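Please keep the sequence and the coordinates in view while reading.

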Amino acid sequence: MVQKSLVLMADLYGCPNRCRHCWIGHMPNRQMGQEADRWIVDYFKPFFEKITFYSWLREPDFCSDYRERWNRDNQLCVNSKPERFELASFWRLVRDPEYVFFLKEVGVKKVQLTYFGMEDMTDRYIGRRGAFHELLRATDILITNQIAPRWQVFINEENKEQIPQLLDLADNLQLKEKCALFGGSFEFFVHCGSCEGENRSLYHIRIEKDHIPEKIKPYYLNYDTALTEQECCELLGEDTSHMRYHNQEEIVLFVSNTYDVYFNFTHMTDAWKIGNLKNTQPEEMVRKIVEEDTDALNATKTITVKDLVEKYGNRHSKKVFFIGDYKAYLLNCFLEKAEK
């Protein structure tokens, strides 16, 4: 038996959105088989004493029978129970009046909603017309039912002028005051996300640190530790270590709707694929998981951080990064070039 606990997150139903920031990347929407959930758990049962199962990898509760689905997720778990976190389906919130009551039943106190600017910008980045107004309606539904909304805002060079307008909108709607009435806390925070998945294609418009509006800086996530790409290169320029991703007490796996399996380290590309549940024997799959044996992780042993900076870093760039995200960006540049 593997001593570490296992978390399985499977893309059973897909997602209504095609967000341009999605760090795991876009996948086709397709429903997995009716018994796929149990089959996936049974695949790993002989090897792990503790298994937590989630039937979503992207939009949670993106199925009409979400109550039964949540109960089934709980039943499929082994010596564990799934958590709700602060995620919910805003698509469902505005279409199903019963959904918010379900959220309250399972103990949800706060729900994160993601914006990319004002109406046209947010609709375009989410990939659906009307998404912006759905987010506002979802905000109102949550507050009416004493669940606090948490506005997450992604910023880049294209939308930077609109982000202060979003902050003004939140103030005009008195979201902080409305949440305080029931003991909740409205949150507004800004960042540009990692540079993985779909967000990698936005590197060219990644915001420069000096271009973050002054009004937004107090709301920028961990602004004090944010660096320019130039500063990242300077800090890492003599780093002769190798990047190392490693699971601690818990192993989290993403299972695509075609049964490909990935660690939750970064985006879901071929280099990061551990294997396919339908094509790989369970013993071999578990070995690769435990030994962290994937093409990407093996490749990290062949190149130092210093080499990554020399090959892929831009020492003149003022684009903003956190140091960990920047290292991941460099490594994925290396892996993508190797794949080609």
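**Helix faces and a buried leucine**

The model is predicted: local features need pLDDT of at least 70 and side-chain atom pairs count only at pLDDT 80 or more, while totals for chains, interfaces and linings use all residues. Residues are numbered from 1 along each chain as its sequence is written, and side-chain values use heavy atoms, with hydrogens and water left out.

The face of α10 turned away from its buried side carries the exposed residues Glu-283 and Glu-291. Here exposed means over 50% relative accessible area, buried under 20%, and partly exposed in between (1.4 Å probe, protein chains only). Helices (H or I, at least four residues) and strands (E, at least two) are DSSP runs, numbered from the N terminus. The buried residues of α10 are Met-285, Val-286, Lys-288 and Ile-289. They cover an arc of only 160° around the axis, which puts them on the same side of α10; the arc is that of the directions from the helix axis to the C-beta atoms. An α-helix has 3.6 residues a turn, so residues three or four places apart point the same way. The cover over the buried residues of α10 includes α1, β7, β8 (260–263) and β9 (273–276), where contact means heavy atoms within 4.5 Å. Just after α10, Glu-292 takes a positive phi of about 55°.

Helix α9 (residues 229–236) includes Leu-236, which is buried, with a relative accessible area of 6%. Leaving aside residues up to four places away in sequence, Leu-236 touches Val-305, Lys-306, Val-309, Ile-323, Tyr-326 and Lys-327. The C-alpha atoms of Leu-236 and Lys-327 are separated by 8.8 Å, although the two lie 91 residues apart along the chain.
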